[in-house]
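Reader: I am new to this one. Please take me through a single part, slowly enough to follow.

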Amino acid sequence: MPRGVIRKRTNTTRRPVPLPPTERARKVHSQFKTRRTLRWRVVDIVVASVIGVAAGLIFWIWNLFYAPVTAPLEVVAPGAQALLYGVWLFAGVLGGLIIRKPGAALYTELVAAIVSALVGTQWGGALTILSGLAQGLGAEIVFALFLYGNYRAYVAVLAGAGAGLGMAVNDLITWYPAMDFSFKAIYGVSAVISGALIAGLLSWLLARALARTGALSRFAAGREVAARA
Amino acid sequence: MSGAETVRDSPLARRNPTVKLAVLFLASVALLFVLDPVTPSVVYLLGLIGVIVGGRLPLRTVLAAQLPFLAFAVGVFSINVLSRPGTVVWQEGPLRVTVDGLIVGAALAVRTLAIGILSIGFVLTTDSLALMTSLHQNAHLGARPSYALMAGYRLLQQLPGEWTAIRDAQAVRAPLRRNGSVHRTPASFGRAAFTLLVLAIRRGERMAQSLESRGLGLQPRTVWNPVRVGSLDVVFGASIVAGLGVVIGIAGLLGVLRGPGALF
């Protein structure tokens, strides 16, 4: 072979392309099998509170606008106004999806209810908090049924539906005890559908979008998305 | 936002927040089982006088705070009046008004107002920081939840400012209309809300770090500003509950009191 000619490399073992340090860190990080613990860390409880507070403010804004928005539905079929009531349920599902600890859904929904009650709602403090309790419990039971280990989209949808069921039971007892059966049936079915779609599916999409911003890097919910990316 | 303002000194404001919260909760639950228009009206009037005198609040503030309750009461009243079966008083096409509807509707509406005035009295006379401290010390809420709630409350005070900052930052880059004003869409509103959520979570993580570094969760903790349940607080709580009992009792003796059975 004449000098000066570089022989083409023939063996096929490729050298790894050097990754930028952040990418390398991400790969290494995702390989850690973090042991799943159900104990609340400080960051869990603070971020759950923060989500609850932000959701409480959103509830408060929604409290001001919901009546004119849902009134047309009520005219079409009494009880169908609950089709949009899922907005009140997203806090619990979102909290459960992000924190992934027992009680997270209940706690987040309850904090949101307390905040919106403190800022002022038309239902009176204690009754607003009671609704939060019933709605959060509905979502919490679903997460518990999956042993706090499954946070896929269908679980989120089921948790939303559970929250909707909790809302329907509470509302029908507290606010509409005297309505006839068809109203109660329409209200209940609408609440469950609304919970599944607005609170369940939308919260799942929201949690994924939040993870993509990197804001959830201290949570399993955030690391999962980072590992997939 | 009522929570962020400072609370005026008054006999009601000096009472222990946990005691007030417990009384409010008890009264709301008790009123849930009252379904005649007269009893809650009396409770409402007594509550209104108590809140204005005991809380040294201007009548205007109290009435303005009641507007949302009033709107809801009107809604509950009209739904019941128009939809409840019973002796027909007035009929026009598909619309009809019944005696039962009027009575139950008025009962539910006045009940909303009665619970409302008690909640307003609580919110307008309770300092939020004192509430947190009191919940921790008197209601024995654990250190973690109460400090986390306090962190959440701090955030609540900051969020409106952050919201303005985010909207301003987006407006700088937003396309302008021909007259130079910013074109705001519902989508931009959603983007701002999402940014606010991200910001809140990041701030929460930072707060958690600083709380951890200050030894949150270590026992026992000492407090700088102890809140106590005094004998006046006990007298206050007991007399309100007793007053409510007397009103309901007299209503029962006079035969105006009706329970949930009125609905069926």
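Reader: What percentage of the 264 residues in chain B do buried residues make up? And what lies between chain B and chain A?

Author: Some ground rules come first. This is a predicted model, where local features need pLDDT of at least 70, side-chain atom pairs count only at pLDDT 80 or more, and totals for chains, interfaces and linings use all residues. Residues are numbered from 1 along each chain as its sequence is written, chains are lettered from A and ligands numbered from 1 in the order in which they are written, and side-chain values use heavy atoms, with hydrogens and water left out.

Now chain B. Buried residues are 38% of its 264 residues; buried means under 20% relative accessible area with a 1.4 Å probe, protein chains only. Chain B has 9 helices and 2 strands. These are DSSP runs, H or I of at least four residues for helices and E of at least two for strands. From the N terminus, the order is α-α-α-α-β-β-α-α-α-α-α.

Next, the interface. Here 46 residues of chain A are in contact with 41 residues of chain B, contact meaning heavy atoms within 4.5 Å. The area buried between the two chains is about 3700 Å². That is the accessible area (1.4 Å probe) that two parts lose on being put together, summed over both. Carbon and sulfur atoms give 77% of the area buried between chain A and chain B.

Methods
Buried means under 20% relative accessible area, exposed over 50%, partly exposed in between (1.4 Å probe, protein chains only).
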